[in-house]
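Here are some notes on the charged side-chain pairs, for you to read next to the coordinates. Please go through them point by point.

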Amino acid sequence: LEDRIKCFWGLSLEQDQALLKLLVDAVIEELNKSSACSQMESLDMFSITLLMSALVRYDKFQQSTSQQTEQTEEFPSIPSAVLSTLQDRLIALSPTWNPQWAAKVMFHCAQLKLVPRDDLLECWLVTTRKLVHRMNEVQLAMTIHSLADVLPFTRFSADHFALKSFVATWKQAFERSSRDFDPRSMNTCLLSLHHLRGATTNNDDTRDSVHPFRSDLNNFSPAELVSLMWNWEQLASLEKEEIEQWVDAIVGRIRELNSHQLITVLSSLVRTNAYPGDRFVNQVFSDFQFIATEADKDKTLCSGDARQGEGLGEQTEDH
């Protein structure tokens, strides 16, 4: 089993997909043997990470193929006993985890829709909490995003000390380095915190510990600025200084937004009862093209025809 897993080393998703399928099929065949559990117990963390990564890539390849051929191919089944042994092995190897391995454990679980047992999740939270301050931008975003994906499917208590301690420590690490985050990582983190909010945090706590507007918003595209506004509005109230900073970044690029993005921004501002200022509003009306659809035009014409027989006084009063 270990020899077959090591064949994945250096194999990328862009390489020969037939070779990827062949290697995964060989590993799945090995995992379905009666000796699979005992072989799994001898794997090191590198091999387990390599195995889970290959399964994720293979799953993505199958999904892509299914979309192109409109045929659904089931993912090769792995015996539940083997998956249980895999989780046992991850717990046993947790003292050897580095930041990359810790981030990938939950990421792979989320990608494979493998719901971790409570003991593995608690082990992951405790171990990863000790590593988050050594994580880079990608690992921090991957960690919180994966946890947000997996947690709703577990039986893990929302008020568990390990969960709350992890999120609090993660926020500290995020606050320390988020100033240099790229827009995608920033929005991923904020969206994940929103999904976790009900179970682990609240608005006041997030407002005190997370400050996304310290980043240089000029590096954000208009679409990314829209996502930033929506994600942050979901987490905490917008301060006047933050709105002004956001308006400065987007006001000259409003014409690059589509109608859905503009609606998202305006809805966020309405929900927070935050006025973006006359400059933003005037720019919306000067730069954004409000184009009526043919259906809207027909409705307008019909309404006009229907009112032709009404008195002028009635029309004015109705209006």
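1. Partly exposed means a relative accessible area between the two cut-offs: buried is under 20%, exposed is over 50%. Lys33 has 39% relative accessibility, so Lys33 counts as partly exposed. Keep in mind that this is a predicted model.

2. Lys33 pairs with Glu30. Their side chains form a salt bridge, at 3.4 Å from N to O. Is Glu30 buried or exposed? Glu30 counts as buried, because its relative accessibility is 9%.

3. How many salt bridges does the whole structure hold? A search finds five. Side chains of opposite charge can pair when their charged atoms come close.

4. Look next at Asp88 and Arg117. Their side chains meet in a salt bridge at 2.6 Å, N to O. Asp88 sits in helix α5, residues 80–93. Arg117 sits in the loop between α6 (99–111) and α7 (118–129). The pair therefore ties together parts that are 29 residues apart in sequence.

5. Which residues are linked in a network of salt bridges? Asp88, Arg117 and Asp119 are. Please view this trio together.

6. Glu256 and Arg253 also meet through their side chains. The salt bridge is 3.9 Å from N to O, and the cut-off is within 4 Å. Arg253 counts as partly exposed, at 22% relative accessibility.

Technical notes:
Residues numbered from 1 in each chain as written. Predicted model: local features only at pLDDT ≥ 70, side-chain atom pairs only at ≥ 80, totals over all residues. Heavy atoms only, no water. Buried < 20%, exposed > 50% of the residue type's maximum accessible area, 1.4 Å probe, protein only. Helix = DSSP H or I, 4+ residues; strand = E, 2+ residues; numbered from the N terminus.
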